[in-house]
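Hi,

Here is the structure I promised to pass on to you. Please open it next to this email and follow along as you read.

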Amino acid sequence: MHINTKKRRKAKNEEVPEWMVTFADMMTLLLTFFVLILSFSTTDVERYKSIAEAMQSSFGLQELNPLSIIPADNPPKNENIIEPLKPQPSTEAEDADIENQLESIGNRLETNFTDEIEKGVIIVERDEDHIIIRFPDESAFTSGSDYLEPAVVPVLQKVGQLISEYDMFTIVGGHTDDQPINTDRFRSNWDLSAARAVSVAHELTWLTDLEEEFLYVVGNADARPLVPNTSQENRIKNRRVEILLIERPDNTERDVYQGIQQSPLLR
C-alpha cells in the first residue's frame, strides 16, 4: 500500500488583527460623515436632527446630546453655509457691455464715419430716445431723381451692416422742398420722396442682415421741413432722406406702430 508522504502546504494567510476591523469601521464612518457635511449647502433643522441622531446611534454616544449646539429658542432656518460672494467693481469692458444700444450705435457712427461726417455726406443727430442719420439731397441724389449717387452707395451699405447688429426699429423717411413736381415718373413730391426712401431702404438691406420686419419706408413730401422754404438754401436743407433708429423693447406690432407715430419724422 502506497502512502503519500507529501505534506500539505500550510496556508500563508495570516490572521488580521482585531483592531484593524474597528479602525476600518471608524474610517468608513468618518468618510460618510464628511461626505454628508460637504453635500449640504444649507442648514435645515429637521434634516440635521435626523442625521445627528443617526450618527449618534452609529458611534454609540447615546448619552451625548448633539443637538445642544442648536439654540432651542431660535434655531437657524435655511442659513447659507457658504458666504455669498461680494460683487466686485465692474471693469471698463463690463461697463461697455451694459451700454444701451442707442448710445453704442451713436458712438460707432461717429467713429466709423468720421470722414463722411466731415464732408457732409451724412449728418448724425443723437437724442436720448432716437438717432437720426441724415443724407442731404445734394450728396445722395441729383435734382428730381430717385437714383442714388454712386459715392453714397457703399456708405449706405456700411450703415445697414452696423444697424443690423442691433434690435432697432428702422424708419426711412424721404423729404422734398415745396417746389411742385409733375413728370412721367413722379406725379408729385409724395411720389418722389417715397421713391427716394425706397432706394435708400434697398441699399440698407443689400448684403446685410437687417431685419426687414422692422424696417419702414415713409414718404413725407414737403410736409415736415427742417427750415421754412423761404430761400434756395433752405430748400436744399429740406431735400433729404433720414434714417430714424428707435430701440425696440418688445417685438410686437403695437409697439412698432406706437414707435412710428411718436417718431420725430412724423411730428
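Below is what I found in it, beginning with the whole chain and ending with single residues.

A word on the ground rules. This is a predicted model, in which local features need pLDDT of at least 70, side-chain atom pairs count only at pLDDT 80 or more, and totals for chains, interfaces and linings use all residues. Residues are numbered from 1 along each chain as its sequence is written, and side-chain values use heavy atoms, leaving out hydrogens and water.

**The whole chain**

The chain has 10 helices and seven strands; these are DSSP runs numbered from the N terminus, with helices (H or I) of at least four residues and strands (E) of at least two. Of its 267 residues, 34% are buried. Buried means under 20% relative accessible area, exposed means over 50%, and partly exposed is in between (1.4 Å probe, protein chains only). Contact means heavy atoms within 4.5 Å. Among contacts with a separation of 6 or more, 68% are between residues 24 or more positions apart.

**The sheet**

Five strands form an open sheet in the order S3-S4-S7-S5-S6, with mixed pairing. Two strands pair if DSSP finds at least two bridges between them. The edge strands, S3 and S6 (215-219), each pair on one side only. From one strand to the next, the twist averages 20 degrees. S3 and S4 are antiparallel and share four bridges; Arg 126 has Ile 131 in S4 as its bridge partner. Helix H8 lies across S5, S6 and S7, and runs at about 155 degrees to S6. Such angles run from 0 to 180 degrees between N-to-C directions, with axes as lines fitted to C-alpha atoms, for helices over the stretch in contact.

**Helix H4**

H4 covers residues 101-112, and its end C-alpha atoms are 16 Å apart, which agrees with the 16 Å that its 12 residues should span at 1.5 Å a residue. The expected span is 1.5 Å times one less than the number of residues. Its buried residues include Leu 102, Ile 105 and Leu 109. An α-helix has 3.6 residues a turn, so residues three or four places apart point the same way. The buried residues of H4 pack against several elements, among them helix H5 (114-119), S5 and S7. At the N-terminal end, Asn 100 caps H4, with a side-chain oxygen 3.2 Å from the backbone nitrogen of Leu 102.

In H5 you will find Ile 117. This residue counts as partly exposed because its relative accessibility is 31%.

Asp 177 sits in the loop between S5 (168-175) and H8 (189-205). Is Asp 177 buried or exposed? With a relative accessible area of 6%, Asp 177 is buried. Its side chain makes a polar contact of 2.6 Å with the side chain of Arg 239. A polar contact is a pair of N or O atoms within 3.5 Å; within protein, one must be able to donate a hydrogen and the other to accept it, and residues adjacent in sequence count only if both atoms are side-chain atoms.

Asn 229 is found in the loop between S6 and helix H9 (232-238), and counts as buried at 15% relative accessibility. Beyond residues up to four places away in sequence, Asn 229 touches Asp 177, Asp 178, Arg 235 and Asn 238. A polar contact of 2.8 Å joins its side chain to that of Asn 238.

Enjoy exploring!
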